[in-house]
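Please open the structure in your viewer and keep the selection panel at hand.

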Amino acid sequence: MTATPISFQVSLPESTAKVFSQGCETTLDAFRTAGKAIVARGVEMIYQSGSQRFHALKHINLEVNKGDIHLLMGPSGSGKTTLLSILGGILTPTDGGICLLGQDITRMSQSQLSKFRLKNIGFIFQEFNLFPALTALENVALALDVKGIKGRAAKREAMGLLEQVGLANKAKSLPRDLSGGQKQRVAIARALSGNPQIIMADEPTAALDSQSGHAVITLLRQLAKEENRTVVMVTHDPRIIDVADRVTYLEDGILQNNPTAIHHQKLA
Amino acid sequence: MTSIARKNLFEDIPRFLVAQAGIMFAVSLVTIQVGVFNGFSRSTGILIDRSAADIWVSSSDMVNLELTIPIPASHLALAQQVEGVERAEALLLGAGIWRSSEGDITTVRLFGFDPDGQLFASFPVMDGSLSDLKQPYTVITDKSNLDSLDVRQVGDTASMGSLAVTLVGLTEDTQSITSSAYLFSSLENVKAIATGGRSANLNCRLQNGEFFCMNVFGESPDENPAPTPLSATDPVTHVLIKAEPGTDLQELKQRLQQSLPNTYAFTRGEMAKRTRAYWVQRTGVGFILGLGAVVGMIVGSVIVGQILYSSVADHLKEYATLKAMGVSNRVVYSIIIQQALWMGVLGYIPSLALCIGLGFWTFATQGIMILITPLTAAGILGLTVFMCVGSALFAVQKVTRVDPAIVFKS
């Protein structure tokens, strides 16, 4: 059964309408000063399959600060991955607006959106999604290649990224010869290629044992904080809360609470 | 980006080899069909191509080299008097039944010419020489006919009608694959063999002040009667002309046609083209071989398409990952197209080598040439690339439809 997004008319709250009627361009300075990397307002996602409609996300309002590690948590089917896909510009919401780095991505064409993702977002996946035929070095170099860094420069930079994630000695290894933790570190190196400001990670520790998972998260936090990158991470893993700056809970497509408050509770 | 296409291809070597076998099959099928077509077409006009004649004069009813109406041998003398003619020689075609010493029979096509001439038999003779044809009832044949004539070597004999015939030499690359075995001999021998060893007497009588002449054939009292020279009233099939240097061939053709009644003159190229056109177009052979090539193309496209589609399906998540990263469709398509090109080129090279080898073998053993010219090779490379890239479009469709959001599904 295939579910497809449908258009949906919704009335935005007055504050939301105010922000998006102006567009991100006019609110860019405001976002910068507020240090927001991501702002989502009134995001709705409805899938339609035949006569069935599934309301995956209901009126999501979310802000992610620059340099934060922001977790999206919640039970299976709560809409976390859908929200991550929308925030990453891979899915288009049925309604609402998304501003990434001051640009309203919901107003972009597919081509503009692709270019935006390529330049500004790095992705990390639960199943790593490395190219099995390419070595660790080539996997990272490929990402650089598509971002315009070619040939030896790409190889040199890819090697630098592998060094950053502690895998320089595995540069010539194929993914099948790497452990789960090593594969995810290669995926992190790939996500960091081209120096994107936002990293979107989907359950990056789900396929790893606890030790590898912890090592990956520690690395991700270190890399994010060193270069002030924003990380949005979907996870079920409660241990990751320790390294997060903010946590957002989703249930049945509804944001459960103020993420900042959760963070404060955690710190307390 | 090249490496991803190539490495995806080589990731699973057994599957790659199976895929290449499929492509090789398709490319070989097309190459052989085209090569056989070329070889067939070439062979039908090979004797014309290899002649040294500038112009061929034949009956105005002539259809092709072998299908024509005889013209009088007296045309030879007339042709020699035409301005611009340096040399004229007669070519006499006949047919017969060859009976080997084992008693097996086969049809043969006889070509009679002057062994001292310069215009027809300008091909090399192995194991013998053209001058041996001056001996009565001697023939030369293409070495590819040895099996069909059931002879082993020069010196072997056979019979044609009541006449004993001896093989005195072998040629190479002189046989049309559409025709019976060609036998080359002197005009006198061919005339004698074609008449089956019967003797001919020209009986003339004077009636009302005019001569009335009639050729009267009868069984020769000798087992192998001595062949007799061509007379002016004997038929010949073609008159071959060597033009004087600097002569305009088109103008010479006109003069020959005017001087030789009921004839038509062709340049060597026109004659070869006419003969080939007959075999290629009017017999349907060209259509059949062309159909084979098209079927090969279709089979190849299906194979390549299926392989690429399955390869793309196997790597769909990787393509979705690229799309999620923001890589444009154009770049993703180029990976698939590159993969198709690799498959095409890597399938083409061994296929071509295989077909060239096969061509040598069929020519050596069967006398059938699979002619792969540089133009043919380039054309088939183009077709292979077209076939592979065309097939890749199916795979591209699949990638076009892939939702990059699948990258988040485990």
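The stops below begin with a sheet and continue with pairs of helices.

This is a predicted model, in which local features need pLDDT of at least 70 and side-chain atom pairs count only at pLDDT 80 or more, while totals for chains, interfaces and linings use all residues. Residues are numbered from 1 along each chain as its sequence is written, chains are lettered from A and ligands numbered from 1 in the order in which they are written, and side-chain values use heavy atoms, with hydrogens and water left out.

**The sheet of chain A**

Helices (H or I, at least four residues) and strands (E, at least two) are DSSP runs, numbered from the N terminus. Select the six strands of chain A that form an open sheet in the order E7-E8-E9-E4-E10-E11, with mixed pairing. Two strands pair if DSSP finds at least two bridges between them. At the edges lie strand E7 (121-124) and strand E11 (254-255) of chain A, each of which pairs on one side only.

Next, select strand E4 (residues 69-73) and strand E9 (residues 230-234) of chain A, which run parallel and are joined by four bridges. A:Leu72 has A:Val234 of E9(A) as its bridge partner. Contact means heavy atoms within 4.5 Å.

**H6(A) and its neighbour H4(A)**

Axes are lines fitted to C-alpha atoms, for helices over the stretch in contact, and angles run from 0 to 180 degrees between N-to-C directions. From H4(A), the contact is made by A:Ala136, A:Asn139, A:Val140 and A:Ala143, and from H6(A) by A:Val186, A:Ala189 and A:Arg190.

**Between the chains**

Select helix H3 (residues 110-120) of chain A with helix H10 of chain B; their axes come within 7 Å and cross at roughly 90°. H3(A) and H10(B) are therefore roughly perpendicular to each other. A:Ser114, A:Arg117 and A:Leu118 of H3(A) meet B:Lys323, B:Ala324 and B:Met325 of H10(B) in this contact.

**Along chain B**

Finally, select H10 (residues 316-325) and H11 (residues 329-366) of chain B, which pack at an angle of about 150° with their axes 9 Å apart. H10(B) and H11(B) are therefore roughly antiparallel to each other. The contact residues include B:Tyr319 and B:Leu322 of H10(B), and B:Val332 and B:Ile336 of H11(B). Follow H11(B) to its end, where B:Gly367 comes next, with a positive phi near 75°.

Note on methods: Angles under 35 degrees count as roughly parallel, over 145 as roughly antiparallel, 65 to 115 as roughly perpendicular and the rest as oblique.
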